[in-house]
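Q: Please take a close look at the helices of this model. I would like to know how they sit and how they pack.

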Amino acid sequence: MSATSSRLALNTRKLLKTAAFSAVAVAFAASPYALAVDFSACEAPAKIQTDNLDPVSLWNGDRRVFVFDKIGQNGGRMVRVVGDIVELTPQLFPSLFREDGQYLEDVDSITIDAREIIVAMPIRMTSGHIRLQGQRITFKFHGLISFVQDPGSKGQSVQLFTRELDMSAARSIPLVFSGADWANPQDPRWNAPGKPSRTANITARTIIPQRNVNAPLADDAYMQFLVGLTLDRQKPAGEWMSAAYSTTSGEAAEQAFSEAMSSTFQWPDATSMKLQRIFSSAPYDARMREYAKEAVENYRSAFSQRSSKLAEAGLLRIEQAYSSNTDLFGLSATSVPMTTVAHRIQLFNEKLGQLYGPDGDAGLMKLWDDLKLSAASATAVDVNRVRELQADSTKKQNEADAIAADMTAKEARLSNIESAISSIDVQMLNRETFLKQQFEAEQDERRQRGETLKIAQATATVGSIVFPAAAPVLAGASGVIAAQQALQEPDADISSIVTSVQDIAQRHLAIVELSAQVRKDWNVVKADYAQAIDYVRKRGRLTEENKKRFDGWKGAVQAVRSNSEKLIKNLERPNNTEKLEFSHEEAAKDGQILRLLGERNDQVKLQQSLQSELATMRKDHDSRTAEILETEAVIAELLVLQISNDEERIRYMALSDWARRNLIRDLAKEASLLRRSLSYALGTELDLPLDVTLMAEGDLVESYGDLSDPAKLEASLSKARKNRAAIYGLLLSRAQSAYDRLHDENRWNVPTPILFAADSTSTTGEPSFVAARKKFIEELNGEIAGAIARVDSRARIRIPFYPDLIGTTERAVLLGVNVASIRFKGRQAPEGNLIFTIDHPRFGAIFRGRGCVVVADKANATDEGVNLEPVSWPTSVPDDVTDDWRKNINFANQLFRIQDAMFPLFAPYSMTVEVPQPQEWSTTPEVEAIEIQFIVARPN
């Protein structure tokens with residue numbers, strides 16, 4: 001809390017005492033000054049400290065790779081490295097490094113498959129084959145390739161296959177071998193008819209030579225350049241060159257690269273996975289979202305060329321996340337489950353058992369690890385594992401379909417409500433026009449009779465206007481900011497906004513038009529989603545018509561995201577109320593207009609609820625479909641894989657890792673939610689590896705498949721599996737322990753009522769606070785009068801309750817709300833009971849020693865539906881009004897359910913008014929003063 005935002009707080013405090021219970025109640029209305037809390041520094045609980053975040057550095061620093069190492073049919077090792085950036089250095093690849101005079105004796109082939117390859121160490125082989133393939137290959141000074149033996153029956157080769165070959169920093173001879181047997185020119189032992197071969201090939205669109213980095217090599221100079229990289233650089237040109245060296249340049253090289261991108265290269269999958277990993281390290285940071293967006297746009301076209309849709313599906317998932325301002329699990333920064341934690345613990349426990357078994361040595365993950373072990377000798381894909389993935393995808397698809405059906409029904413209902421509101425607006429406009437014409441006709445009659453004209457008076461109606469408003473936590477990038485603004489005290493000096501029927505009709509029309517566009521785009525998304533599934537299942541092989549529909553689906557998805565955000569922004573309203581003003585007093589008192597106004601407000605409240613639910617469901621459905629497409633891409637690759645050689649077995653291993661990663665995603669999401677719940681409930685972070693809770697990969701991204709030693713690989717996989725199971729088990733244990741402790745009465749301090757008091761006759765205190773409370777009383781009486789007049793707007797009145805940040809309120813959660821006292825004007829009891837309902841919006845701020853966080857109950861579609869309604873405490877006034885809060889709030893009951901309903905004290909509270917049987921009231925009561933107790937508890 002900043003010093004400038006603090007107001008003086010007198011030590012005068014009011015003590016609330018009851019006969020059976022005594023506790024301190026902080027009375028804000030009793031003090032002439034109050035301490036203002038500054039919410040501007042509050043952050044989302046899931047926000048990672050990213051002050052020094054540099055996405056480019058994170059990207060360049062992430063050198064994780066897949067390394068496949070197995071014994072080939074000839075007894076030699078086959079090494080394949082797949083990654084985004086592969087930098088060959090002694091530190092990163094000690095198994096491939098040999099000092100001068102030493103050579104890799106047991107390696108038959110080395111294949112480096114990466115977007116960017118940096119050769120910064122010697123690769124010394126006795127014999128064999130080396131292939132470097134990627135978008136860019138760079139040789140540093142220490143980078144070289146050499147063979148110590150003459151080519152044997154298996155031959156020797158070096159292939160550099162790239163779009164750009166950068167030799168600007170290379171040594172003069174990086175390829176330390178000859179292409180001809182100069183020791184026996186008359187009878188060469190290789191590169192002669194019927195003899196073994198030693199070849200070198202460069203396929204590159206662009207070559208940057210050693211001497212001039214600003215001048216790419218001309219196409220016709222490639223052959224001479226290649227020879228110049230070898231020990232043959234001083235040899236005279238001749239026919240011998242064509243037997244050893246070959247090059248492909250220009251458009252032919254670009255065509256070859258495009259074909260390899262379609263089917264051969266595996267690095268796009270690694271790049272897509274890496275982008276997900278980097279994004280997950282700070283998904284809510286604006287710089288990271290922008291970086292991810294640029295990366296997706298850069299790779300989208302190239303990855304769409306691939307027959308495998310894994311990489312492209314990975315990009316779609318990232319795009320969904322940054323477009324919706326969520327992480328890859330579909331969770332927003334403020335999402336903190338405040339309800340149904342017991343069910344979540346049970347669900348997490350069940351999923352943990354399914355994947356890992358009781359001790360981490362069983363379950364689905366064990367089966368997939370066994371598959372990886374058998375991949376070295378596999379002759380066919382394990383259909384049982386594929387069926388498991390298909391069953392999981394079908395289950396998720398059914399869940400997404402149920403959400404889609406519910407959304408369609410809600411959209412239809414919303415459309416009807418919007419039409420009803422438009423119809424009411426027209427009726428109100430027509431009625432106002434009729435009354436105006438009637439008034440003018442009466443004035444004309446008075447003129448003709450020579451009578452005094454009636455004075456036209458503008459006056460506001462007795463009811464507040466209800467506008468649809470999005471909860472701040474639903475707002476996209478501004479979710480935290482909007483919540484901060486909602487928590488701050490509104491300026492009490494601002495009077496109520498006065499509006500007209502024409503104005504509210506125009507604003508409603510703008511919302512309807514935007515809502516209709518979202519609905520139209522959603523219908524396209526729903527209708528053409530099958531084309532998206534077919535696109536990944538058929539690996540891009542669609543008819544031209546279906547391709548257009550798939551492109552239309554992608555465009556509609558983007559439009560729904562964009563227009564949904566615009567709609568939410570349009571729904572954000574200021575805190576102050578709005579009153580409807582007519583040009584004539586008759587209209588303000590007209591019974592038909594008052595009835596229409598009440599009907600309109602009731603419809604708008606339904607509209608508001610549906611808009612909030614749909615906004616949440618759109619994000620949830622979007623996230624689910626992105627996950628499904630990624631899973632379907634894995635299944636599609638497994639279904640078409642025919643295992644007949646080692647290259648296909650290596651691909652099988654890579655796909656098994658993708659499959660394991662998808663299986664573990666749901667568990668990792670639940671882990672993230674449980675971790676957030678623990679942080680919120682206990683105020684302490686559970687120290688877990690970020691890969692576990694931020695990204696559903698963990699050890700999978702470093703899949704060093706050392707199949708040359710199956711026993712070692714099996715031990716490694718078992719260790720990794722048990723380690724992950726132990727980490728998840730620790731989280732489960734902590735969550736269960738925390739849940740049990742929250743039900744322990746000794747865990748909590750004595751519940752304390754924090755008092756809010758408003759008195760329309762009071763003049764004591766800081767002027768803005770006095771004005772705010774008087775305004776609250778005025779609005780409350782306006783709602784009572786409107787309800788009795790059957791306007792029944794039930795608008796939510798903001799309660800100007802802004803507790804001090806003191807020991808009692810720090811770390812405090814709300815147990816309940818109680819109306820402690822009420823005084824009516826003339827001290828006369830009302831004719832019947834009024835229903836005052838006080839609402840908590842399911843979001844707010846909680847202060848702890850380390851700062852302040854804004855939390856919002858996780859609003860997501862579940863089997864139980866979407867619950868965005870406020871938490872409410874209704875009170876029958878005056879019958880249930882009591883200064884002993886324990887009569888209305890049972891502490892034992894609240895304690896039992898506290899972990900399933902724990903809400904922060906600092907929140908923008910509101911009140912609604914209902915008058916049962918308003919036709920039986922003959923007089924309208926006016927509230928003069930009211931006291932409300934907010935019962936809080938703090939963990940010890």
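A: Helix 19 is largely enclosed by the rest of the structure, because 17 of its 22 residues are buried. This is a predicted model. Helix 19 covers residues 767–788. At 1.5 Å a residue it should span 32 Å, and its end C-alpha atoms are 32 Å apart, which agrees.

Helix 9 covers residues 363–374. Its 12 residues reach 17 Å from first C-alpha to last, close to the 16 Å expected at 1.5 Å a residue. The buried residues of helix 9 are M365, W368, D369, L371 and K372. Seen down the axis of helix 9, they fall within an arc of 155°, so they line one face of the helix.

Now the packing. Two packed helices are described by the angle between their axes and the distance between the axes.

Take helix 10 (residues 383–449) and helix 15 (residues 591–640). Their axes come within 6 Å and cross at roughly 160°. Angles over 145 degrees count as roughly antiparallel, so helix 10 runs roughly antiparallel to helix 15. The crossing of helix 10 past helix 15 is left-handed. By class, the contact between helix 10 and helix 15 has 26 nonpolar, 18 charged and 10 polar residues.

Helix 5 (residues 267–280) and helix 7 (residues 310–324) form another pair. Their axes come within 8 Å and cross at roughly 20°. Angles under 35 degrees count as roughly parallel. Helix 5 and helix 7 are therefore roughly parallel to each other. The crossing of helix 5 and helix 7 is left-handed.

Methods: Residues are numbered from 1 along each chain as its sequence is written. This is a predicted model: local features need pLDDT of at least 70, side-chain atom pairs count only at pLDDT 80 or more; totals for chains, interfaces and linings use all residues. Side-chain values use heavy atoms; hydrogens and water are left out. Axes are lines fitted to C-alpha atoms, for helices over the stretch in contact, and angles run from 0 to 180 degrees between N-to-C directions. Helices (H or I, at least four residues) and strands (E, at least two) are DSSP runs, numbered from the N terminus. Angles under 35 degrees count as roughly parallel, over 145 as roughly antiparallel, 65 to 115 as roughly perpendicular and the rest as oblique. A crossing is left-handed if the near helix is turned anticlockwise from the far one by less than a right angle, and right-handed if clockwise. Ala, Val, Leu, Ile, Met, Phe, Trp, Tyr, Cys and Pro count as nonpolar, Asp, Glu, Lys and Arg as charged, and the others, Gly among them, as polar. The expected span of a helix is 1.5 Å times one less than its number of residues. Buried means under 20% relative accessible area, exposed over 50%, partly exposed in between (1.4 Å probe, protein chains only). The arc is that of the directions from the helix axis to the C-beta atoms.
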